[in-house]
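Please read the following briefing alongside the sequence and the model.

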Amino acid sequence: MTEANDLDVYYNTAKKLILYAGKVIEEGINAKKNVKSKGIDWDLVTEYDRQIEDKLIKQLSITFPSHKFIGEETVAKEGCLPQLTNDPTWIIDPIDGTTNFVHRFPHTCISLALIINKKAEIGMIYNPLMKQFFSARRHCGAFLNGKSIRTSNVKDISQSLVAMEPWLAKDSQYLTSIYNRMHTLIQSTHGIRSLGTAALTLCYVAMGAVEAYHIEGIDAWDVAAGKLIIEEAGGVVIDTAGGKLNIMTPKVIAACNQEVAQQLVNLFKEADSKIPNKNLN
């Protein structure tokens with residue numbers, strides 16, 4: 001059983017490391033970068049991604065030698081996603097929004113979550129370029145730069161601002177569903193926003209800047225920290241079909257409350273029903 005004072009140590013250690021790692025992004029944003037693709041043209045990686053992840057894993061391993069790690073670049077290098085166990089596991093995205101980072105678009109962040117017994121206990125997301133440090137501990141609330149945040153109190157999708165990532169339509173398996181769902185949102189909401197970083201957009205749901213966010217085709221490190229931050233801010237994160245989210249294979253509807261989440265589930269079901277012979281993901 002994890003004691004509260006253990007979580008204090010975990011949190012304080014991780015916070016120091018993620019703030020320090022943010023300096024790497026600050027120093028690298030305007031520098032020439034060695035940019036590579038992981039096989040698809042929007043999934044980019046730089047030497048800064050690897051530098052941050054290696055640093056976080058190394059330092060956390062020294063301090064907590066029994067802990068496990070699931071990191072984006074480590075998984076890419078090893079070619080397989082490890083199973084999530086009950087052991088304390090840090091889930092790391094060293095730079096979420098690498099394409100933004102490459103283009104010097106200031107919406108980019110480091111995402112770090114600690115999962116124990118398959119439950120998120122700590123979530124941290126830091127955008128050093130805009131000095132936004134989002135954090136949460138289970139049952140302790142969500143914060144931006146130390147100040148409590150809450151999700152929007154809007155309960156009608158027609159009064160909502162919804163975030164979505166249209167670039168996913170580059171993947172043929174998502175193309176038709178993305179276009180149909182976007183069309184439905186355009187007709188049914190105040191508007192759509194796209195930031196190019198899942199972790200940071202989840203935080204914008206948590207702070208009430210957008211009412212909801214939808215994305216598929218992502219991984220555990222994109223959503224693990226943000227899910228906890230949203231839930232601690234009063235929101236919900238569910239599967240696109242309306243059920244419980246599996247963070248290891250996430251298909252995400254994040255919303256300010258259950259009412260807006262369910263309205264999105266219904267809208268997407270209606271949009272998908274208009275796709276001839278659609279093989280649902």
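This is a predicted model: local features need pLDDT of at least 70, side-chain atom pairs count only at pLDDT 80 or more; totals for chains, interfaces and linings use all residues.

**Overall chain**

Residues are numbered from 1 along each chain as its sequence is written, and side-chain values use heavy atoms, leaving out hydrogens and water.

- The protein chain has eight helices and 14 strands, these being DSSP runs numbered from the N terminus (helices H or I, at least four residues; strands E, at least two).
- Its radius of gyration is 18 Å, close to the 19 Å that the globule rule gives for 281 residues, so the protein chain is as compact as a globular protein of that length; the radius is taken over C-alpha atoms, and the rule is 2.2 Å times the number of residues to the power 0.38.
- Along its principal axes, the C-alpha trace of the protein chain spans about 55 × 40 × 35 Å.
- Of the 281 residues of the protein chain, 54% count as buried, where buried means under 20% relative accessible area, exposed over 50%, and partly exposed in between (1.4 Å probe, protein chains only).
- Among contacts (heavy atoms within 4.5 Å) between residues at least 6 apart in sequence, 64% join residues at least 24 apart.

**The seven-stranded sheet**

- Seven strands form an open sheet with mixed pairing, in the order β3-β4-β5-β6-β7-β8-β9; two strands pair if DSSP finds at least two bridges between them.
- Strands β3 (68-71) and β9 (147-148) stand at the edges with a single partner strand each, so one side of each is left without a neighbour in the sheet.
- Strands β7 (residues 132-137) and β8 (residues 142-144) run antiparallel and are joined by three bridges, and serine 135 has phenylalanine 143 in β8 as its bridge partner.

**Annotated positions and their surroundings**

- In an unreviewed entry, UniProt places the feature "binding site" at Glu72, Ile95, Asp96 and Asp222. Although these positions are spread over 151 residues of sequence, they cluster in space, with a largest C-alpha distance of 9.8 Å. The UniProt positions are given in the numbering used here, feature names are shortened, and annotations may be inferred rather than shown by experiment.
- Isoleucine 95 is found in strand β4 (residues 89-96) and is buried, with a relative accessible area of 1%. Not counting residues up to four places away in sequence, isoleucine 95 touches several residues, including Asp49, Glu72 and Phe101.
- Aspartate 49 belongs to helix α2 (residues 47-63) and counts as buried at 0% relative accessibility.
- Aspartate 222 lies in helix α7 (residues 220-232) and also counts as buried, at 9% relative accessibility. Residues that aspartate 222 touches, not counting those up to four places away in sequence, include Asp93 and Asp96.

**Two asparagines with positive phi**

- Asparagine 117, in the loop between β5 (109-116) and β6 (119-127), has a phi near 55°, a positive value in a residue other than glycine, and counts as partly exposed at 46% relative accessibility.
- Asparagine 145, in the loop between β8 and β9, has a positive phi of about 50° although it is not a glycine, and is partly exposed with a relative accessible area of 45%.
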